[in-house]
Amino acid sequence: MSPDVKENLKGLTVQEMEAKSVEIGHAPFHGRQLFRWINQRKVSDFSLMTDLSKDFRTKLAEKFYLPQVTVATKEESKDGTIKFLVGLEDNEKVEAVYIPFEDRNTLCISTQVGCKMGCTFCATGYMGFTRNLKSWEMVDQLLHLPTPKEVSNIVLMGMGEPLDNFDEVMKAMAIFQDPMGPKIGKRHITLSTVGLTNKIQKFVDTNLGNLAISLHGTTDEQRALIMPVNRKYPIAGLMDCCRNLKFKSRRRVTFEYLLIRDFNDSDEDAYRLASLVSDFPCKINLLAYNENPFIDFKRPKDERIIAFQNILLSKDLTATYRLSRGRDIAAACGQLRTAETTNKKGTPAQRAELAFPAASLAAH
Ligand code: SF4
């Protein structure tokens, strides 16, 4: 029987795996063993699961199959960052980035092939959207990429908008932290969103990881120029949402702020940013724009970044400046883009219209 008439058994939660075991006449316990083989021992071949009974393995192989992502290419930066081009079953590709830093090894995972959000500073945004990833394709990025060391932290910040693929992303996040799976603690998992205001509290309610929101602008006019999503979810509503978030444990939202030279890096921007977030607990991560051949924006000078950060610090805000990693291999934030993709470059206004058409907004 070919794999395409069998059922994919990857990307299931423990409970779902128990149910599959029962479905073929075995105890739920066998489903848990199976879950561990796939998600902890990283085995994608039933015949190698030696502590499962022969009968169970035979039935599994008759009805199910275990696909696995492949590594199409791998590029290593001089700072140790590795960018993987990950091959999927249907020959689509996404990128994942391994970032070793001091006491942690972070993996940046993709959640969609391409992206609908059309952010004008982002190389992925120029690819357009192809499809959502399934939970197993996200879990496999963690399990089956040859990283030099065990991954300790996961950031859902690769290609795609995670909240636009809500159910599959939540499932993957649950598997990441399962004690019978990869066992990555929820404090070490961060989901980054452009700010889909209607889904943020729903994510917080799952209590599956940290929340980071890409802000990147301090007025609606400015932010909408680089993030078309602002047309639908403007800054005031986003801030209201953050102000009223009900976290289940002691957490706070992190804002990512990408500094672009002469666009959003002025003193006035810093003061405006400080006042936007001054009345609720949060943290600000400053990033400097990573230049790439597809987009004309420039990186600010270091002095400008420090001056911007100092203004935030003077307002008693927690503001860190994150050094970019992997810039020499285009693996840094905003640089991910699968090489085969044709250039769909357009003006920011054209791209904004494509991602969030004015006509569709009027209907909401
Ligand atoms: Fe999509 Fe994120 Fe790129 Fe925006 S920054 S286009 S949400 S991948």
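Strand 10 (residues 189-193) is mostly covered: five of its five residues are buried, where buried means under 20% relative accessible area, exposed over 50% and partly exposed in between, with a 1.4 Å probe and protein chains only. Ile 189, Leu 191 and Thr 193 are buried on one side of strand 10, and Thr 190 and Ser 192 are buried on the other.

The model is predicted, with local features requiring pLDDT of at least 70 and side-chain atom pairs counted only at pLDDT 80 or more, whereas totals for chains, interfaces and linings use all residues. Residues are numbered from 1 along each chain as its sequence is written, and side-chain values use heavy atoms, with hydrogens and water left out.

Strand 10 pairs with strand 9 (residues 153-156) in the parallel sense over three bridges; two strands count as paired if DSSP finds at least two bridges between them. Across this pairing, Val 155 stands opposite Thr 190, and Leu 156 stands opposite Leu 191.

Both strands belong to an open sheet of ten strands with mixed pairing, in the order 3-4-5-6-9-10-11-12-13-14. Strand 3 (70-76) and strand 14 (318-321) stand at the edges with a single partner strand each, so one side of each has no neighbour in the sheet. Neighbouring strands of this sheet are turned by 20 degrees against each other on average, direction ignored. Axes are lines fitted to C-alpha atoms, for helices over the stretch in contact, and angles run from 0 to 180 degrees between N-to-C directions.

| Helix | Strands touched | Angle between directions |
|---|---|---|
| Helix 6 (residues 197-206) | strand 10 and strand 11 (210-214) | about 160 degrees with strand 11 |
| Helix 11 (residues 302-314) | strand 12 (253-259), strand 13 (282-288) and strand 14 | about 165 degrees with strand 14 |

In total, the protein has 13 helices and 14 strands; helices (H or I, at least four residues) and strands (E, at least two) are DSSP runs numbered from the N terminus. Of its 364 residues, 55% count as buried. Among contacts with a separation of 6 or more, 67% are between residues 24 or more positions apart.

The ligand is surrounded by residues including Cys 115, Met 117, Cys 119, Phe 121, Cys 122 and Val 194, a residue being near a molecule if one of its heavy atoms lies within 4 Å of it. Gly 118, Thr 124, Gly 125, Gly 158 and Gly 160 also belong to these surroundings.

How values were computed: Contact = heavy atoms within 4.5 Å.
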